[in-house]
Every structure is written in structure tokens, then in C-alpha cells.
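Please look through the sequence and the model shown here, and then follow the explanation with both of them open.

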Amino acid sequence: MPQPRDPRRVPGDRLFFGRRKGRPLRANMQALLDDRLPDLAVPVEPASADPKTWFARPVRAAWLEVGFGGGEHLAWQARANPDVGIVGAEPFMNGVASLLRHLENDGSDNVRILADDARPMIEALPPGSLERVFVLHPDPWPKRRHHERRLIQHASIARFHDLLVPGGELRIATDDVAYLHWILARVTAHPGLRWTGTRLADWRARPEDWPETRYEAKARREGREPAYLRFVKT
Ligand SMILES: C[S@@+](CC[C@H](N)C(=O)[O-])C[C@H]1O[C@@H](n2cnc3c(N)ncnc32)[C@H](O)[C@@H]1O
């Protein structure tokens, strides 16, 4: 008898371990998802096409935010950079609805959304197709036996490097000290990425074009200081 498919499986037969749903959505948020998401969804085919072509009007570059949470940072960047097309991936539907509300309020038309695990898309995108990649506060998976679930691995760093244009930027934030060490070990092991800072203070100070998310504000209230890491493709 065929086995039922594990609902955590995503294309490429990977397992996704995060949450897809939270509290039931209010009717207006569900309506936003139903009405707006189909128009803003990233095209399924061809997944490997240049992401700059996914937008309703020409954009000078494409950026990617992996795991945008409630979408505060992505919406801010879309507003501040109307000449750029931003692709956001987030499997948590309450977060997707929240981003849609921000975009609606701002009138931004330069965002495309993948309401799912980002990894298959990251594998399919063509090399050199992104000018910036944001991975802000990825889940730290603190238990050793869960470390393989961490989004930042040697392989994902190598992939982000390949996806960036020369001079392109990879931004990573974390408020988890153990994960910070893990991230630094993996990025600095890659010869094609250079940290833009020179001293500790450089990763403790939030750059002006890096708005705070609700997640980050909560971390700070709870006494965890975020690190803001910027790496450039050399
Ligand atoms: C701790 S939250 C941080 C959210 C947001 N970046 C922020 O700073 O407020 C981590 C987010 O990453 C998302 N996430 C985890 N794995 C993912 C994956 N494989 N692809 C896309 N998003 C993912 C989760 O659903 C969650 O919303």
C-alpha cells in the first residue's frame, strides 16, 4: 500500500521543520492571502529564470530575503528601494499575510513572494542573479542533534556566494551567540566572501538601512544583543 506523503517534505525531497501556520487568520488577512498572493507569487516555471524578470516593471537588480517572518524588514527595503525587485520566501502563512498587509499599506509593487521553503528556489536560481541576500535571524536550532537543520551551512553559504553578483552582499543577523560563532566559522571559511567590518563594534551597530523587526525588538528586550553581519562577494 502506498505510504502517505510526509507533509513536511518539500520539492527536492527535503524536510521542512518550521511552522507553516499559527493562530487562525482574521477574515481580512485570509482575504488578503486569497486575493493578493496569487498575483505576487514567484512563477513556478521556469524556476531557474532570471528573477529580475519576475516583476511587473523593469528593476535594476533582484534581492532575496530568506525567512522574512512578519515582513517588516522586507517591506521597508521594498519601500526604500523601488528600483530593486525583492523576492521573499517564508513558509509561515501568518507571516506571509502580514507582509501582504505591509505591501498593501505602502503601495509597493516590487515584491514577489514564495510562500514556502526557500531552499528549492535557492537551488534553482541562476548563478549571479542576485545583488543582495538577507538571512535575518534564522532559527538557531540550539540542540546539537538539530544542527543539520540550520539554514546556514557550508553548502548554503557556497550557494549564496554563487547566486550573488560580484560585489553583491550577503546580510545575516542573529541574536544567538552559539549560532553567531557557527555562522562566522562557515562564512569566513569561504574564500569568496569578505566581512565588511573590522572590529566587534561593527557587528553590534545596526546599519541605518537595516530596520528592526518585531522579532529583533523582542530579542533585545529579553537581553539578547543582535549581531548584524555584512559580507561582500569579492
Ligand atoms: C526566527 S524567525 C525570524 C524572522 C525574520 N527574519 C525576522 O528577523 O524577524 C525565522 C524565520 O525563518 C523562516 N524559515 C525557516 N526555515 C525556512 C526556509 N527553509 N525557507 C524560508 N523560510 C524559513 C521561519 O518560518 C521563520 O519565520
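This is a predicted model: local features need pLDDT of at least 70, side-chain atom pairs count only at pLDDT 80 or more; totals for chains, interfaces and linings use all residues.

Residues are numbered from 1 along each chain as its sequence is written, and side-chain values use heavy atoms, with hydrogens and water left out.

Around the ligand there are 16 residues, of which the closest are G67, E90, D117, A118 and L136; a residue belongs here if one of its heavy atoms lies within 4 Å of the ligand. This shell is made up of eight nonpolar, four polar and four charged residues, where Ala, Val, Leu, Ile, Met, Phe, Trp, Tyr, Cys and Pro count as nonpolar, Asp, Glu, Lys and Arg as charged, and the others, Gly among them, as polar.

An N or O atom in the side chain of E90 is 2.6 Å from an oxygen atom of the ligand, a polar side-chain atom of D117 lies 2.9 Å from a ligand nitrogen atom, and T213 places a polar side-chain atom 2.9 Å from an oxygen atom of the ligand. The ligand taken alone exposes 600 Å², and the protein buries 89% of that, with areas from the Shrake-Rupley method and a 1.4 Å probe.

Turning to the rings, there are three aromatic pairs, counted when the ring centres of Phe, Tyr or Trp (its six-membered ring) lie within 6.5 Å, with planes under 30 degrees apart called stacked, over 60 edge-to-face and the rest tilted. The pair of W195 and W203 is tilted, because the centres are 5.5 Å apart and the planes stand at 55°. W210 and Y228 form an edge-to-face pair, with 5.3 Å from centre to centre and 80° between the planes.

Terms used:
A polar contact is a pair of N or O atoms within 3.5 Å; within protein, one must be able to donate a hydrogen and the other to accept it, and residues adjacent in sequence count only if both atoms are side-chain atoms.
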